[in-house]
Amino acid sequence: MQIRPILAAMRHHKAGTVLIALQIALTLAIVCNALFIIQQRITRMSRPSGVSESNLFVIRSDWADKSDTQRIDAQMQADLIALRQLGSVQDAASTNSFPLRGTGWDNYIKLQPDQPRMTTDSAIFFSDDHTLATLGTRLIEGRNFTASEVAAQKPRDAMHAAQVIISKDLARRLFPQGSALGKTIYVSMGQAPSTVIGVTDTLQAHMTGSWAGPYAYNAVLIPARLLNDYTYYLVRAKPGQLEAAMRDAPKALFAQSRMRIIDHKDGVMSFAQVRQRAYERDVGMAILMGIISVVLLAITAAGIVGLTSFWVGQRRKQIGVRRALGATRGDILSYFLTENLLIGIGGVLAGAVLAIGINLWMVTQFEMARLSLAYVVAGVAALLVLGQGAVLAPALRASRVSPVEATRSV
Amino acid sequence: MFTYYLDLALRSLKRNKALTALMVLALALGIGASMTTLTVLHVLSGDPLPGKSHQLFYPQLDPQDMDGYKPQDEPPEQVSWIDGMALLQARRAHFQALMTGGAVPIQPAQSSIDPFFEDARYTTADFFPMFDVPFLYGQGWNATDDEASAHVAVLTRELNEKLFGGKDSTGQTLRMNDVAFRIVGVLDSWRPTPHFYDLNTGSYSADEGVFVPLATATDLKFARNGSTDCWDKGSSENMKTATCTWLQFWVQLDTPAEATAYREFLLNYSREQKALGHFQRPPNVRLRDVMGWLDYNKVVPSDVHLQVWLAFGFLLVCLVNTVGLMLAKFLRRSGELGVRRALGASRRSLFAQLLVEAGAVGLVGGAGGLLLALLGLWLVRGQPSDYAALAHLDLPMLLATFVAAVMASLLAGLLPAWRACLTPPALQLKSN
């Protein structure tokens, strides 16, 4: 293929060439970054929660009378017995919070009581001997709580948890060498030591925000019923009976006592709903990025079709002359394809630099990782193919120009 | 002349419908996307109390112990009861109010309405005059009511609508948490956006429905909503003595001189507390005004900023696309332009004619963009975020949409029109 005549011809329509190259560059830069954002969000959303999510649901019960903590304590124990007795329910536990809830209680974790700065931060889940079975989270080391270890805890009282169970990631963070089992940690400002009696498999914290990245899998299970203004009940339905259990459980709770408020909208939520709620912003952002990318590619393709069509129309006579002088249809076709490829290469080179530049800027402005080069390479390939595809129709039209055109004047 | 150009432009646009449609569509998409995201940003980063916000300040102190102390750390974002009360009683500002969020069970007198929880604000009396809160009926309570822990309440217009059918309910009794309160005032519609005075309960959340004196709420142990940060032994049954920050404190300082004096007062207070052994850290105070406080808290979600940048990148591509297509369109008409030049039209009038054509594309594109922006905002309102309901196009943004569209298309037409006019008429005729 002779590139020199193509370059010479390009010099005659500089503005158009530059515009197409510019459009390709901008599209590449934006689409690369948009796809990268989509990928990041999807990675975030597909992180495991460490919970066996099917058949699990949560109920939030607000106490109508919040003043008497003793009565709340008795009510919580009665509620749990009632829930566990339901035919459709496999197990149930009370808690203050759970993975993916979004908000909750997190404490600084220390290894020494007088250590000036925290070792790490962790979600605090108030639990009992049924919590692990209800969540469907495996214990990889040590033992579960016993019923006698579970105490009552007022929100403002100092926490004295003699035993705690911690998540695998927290154990690894606190004790990089060796097992956490039997070690002492400090989980509250009350500075009472707690012995690690068990380590769970992966268990996600309630925090889903990107700021909580380093702490996202830190969880401490405290053997206590938290006597707060409200409580959550985690309920595991028997396999296949989730809907029935979600209907039965609130009724059973109201049969226990009417002195509570269970929100009719989100008082009872399946874990699938909890997950959807935790990540709905990410889903929205990913969809938006997807739409923008598709529309941008479509507009760029349409722009290439439009401008190339114009060039073909402008050069009918020259094409005719070339055909009359012996150029084949394939020659004409490959001329336009090559021309587009050359412009495209110019565009994607500029676009790749721009894409990386935009990403570096976003790293400083937003919580964003470095763009992986694979995205740039994939984007470059995609835009070159898109350009060739877009130019194909006008180029085919050009190749059908008859040699007779050379003799015609318009 | 203009109408003639317009006529020419419309004829030319009609001649090549696909190309015109593509230009209009690209412009409309770009404008629609930019205006949607910009409107959301505009709504979210607005001034909650225009004209007053620069006089309202949020004092911050650092009463924490030395545990985890770093000299460059910001002080806590709320105040403890002890410090809040001390600052309140010092009365060094024009107005000052100490407050926190909460929720109360409301037991309506009519049996037709079931008891329900309503978000509440427990505050001292200056809240109402300081934030220029409009009253429909009655008024707020006064400092005497605060001191006496009076059982008085102020309702919002919405809650008054729900409980009393919108009638003047001042003087009536409202039962909350089994205690009777006398209604002293009903607010008119009031929703400062963002919810600047307490960002813990959601930056853009709907406001609380009922207001109760802070002392009354703490005496009756009403439930709190919001964040509590503790240090040292922290937790204790009594929040009034706990080493925890959990209250918001706002002051009104009318002049910069007053603000400077108040900052000095905060420093002195901190020094004094340190001397008394109540504070341990070196004095570390902040006095931000409303907008400074919102900036510091980064209330506008970063995703919204990202979307605005994305939309403007999108608009840029659409504009480049339009420039390319207009160039093709104008250059294709060199014959026609050559004839007009040969017949005596000046370059300037040809340029004007082409720009009118570009402007026409811009107007149609702008109208399309407006429709798309309305559609986009409707989609945003369907989103689950707490600011969703606020996404409405206001008049300035509507005008901005049109100006942006026409400016964008004129800008896009500038280069092609200039290029098309540049070729000498003889060459334009000859090339045919």
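This is a predicted model: local features need pLDDT of at least 70, side-chain atom pairs count only at pLDDT 80 or more; totals for chains, interfaces and linings use all residues.
Visitor: How is chain B divided into domains, and how far apart are the domain centres?

Guide: The domain assignment gives domain 1 (2-45 + 300-430) and domain 2 (53-296) for chain B. Their centres, taken over C-alpha atoms, are separated by 49 Å.

Visitor: How do you know that these two domains of chain B touch, and which residue classes are on the side of domain 1?

Guide: Contact requires C-beta atoms within 7 Å. In chain B, 5 residues of domain 1 are in contact with 4 residues of domain 2. The touching side of domain 1 of chain B has 4 nonpolar, no polar and 1 charged residues.

Visitor: What is the corresponding domain assignment of chain A?

Guide: Chain A is assigned domain 1 (4-46 + 279-407) and domain 2 (65-258). Here the C-alpha centres lie 54 Å apart.

Visitor: What does each chain bring to the contact between chains A and B?

Guide: Chain A brings 41 residues and chain B brings 42 residues. On the side of chain A, α2 (14-45) and α7 (271-314) each supply at least two residues, and α7(A) gives the most, with 16 residues. By class, that side of chain A divides into 23 nonpolar, 9 polar and 9 charged residues.

Visitor: Why is the set of residues around A:L28, B:L27, B:F314 and B:C318 called a nonpolar core?

Guide: The term applies because a nonpolar core is a set of buried residues of listed nonpolar types joined through C-beta atoms within 7 Å. The largest such set has 104 residues, and those four have the most contacts inside it. Elements of both chains give two or more residues to this core, including α2 and α7 of chain A and α2 (17-44) and α10 (302-332) of chain B. The most comes from α10(B), with 17 residues.

Visitor: Which residues does B:C318 contact, leaving aside its neighbours within four places in sequence?

Guide: B:C318 is in contact with A:I299, B:A26, B:L27, B:L29 and B:G30. A second, separate core has 66 residues, among them A:A92, A:L100, A:M159 and A:V187.

Visitor: What share of chain B counts as buried?

Guide: Of its 432 residues, 45% count as buried, the criterion being 20 or more other C-beta atoms within 10 Å.

Key
Residues are numbered from 1 along each chain as its sequence is written. Chains are lettered from A and ligands numbered from 1 in the order in which they are written. Helices (H or I, at least four residues) and strands (E, at least two) are DSSP runs, numbered from the N terminus. Ala, Val, Leu, Ile, Met, Phe, Trp, Tyr, Cys and Pro count as nonpolar, Asp, Glu, Lys and Arg as charged, and the others, Gly among them, as polar. Domain bounds come from an automatic or database domain assignment. A residue is buried if 20 or more other C-beta atoms lie within 10 Å of its own, exposed if 12 or fewer, and partly exposed in between; C-beta atoms are placed from the backbone.
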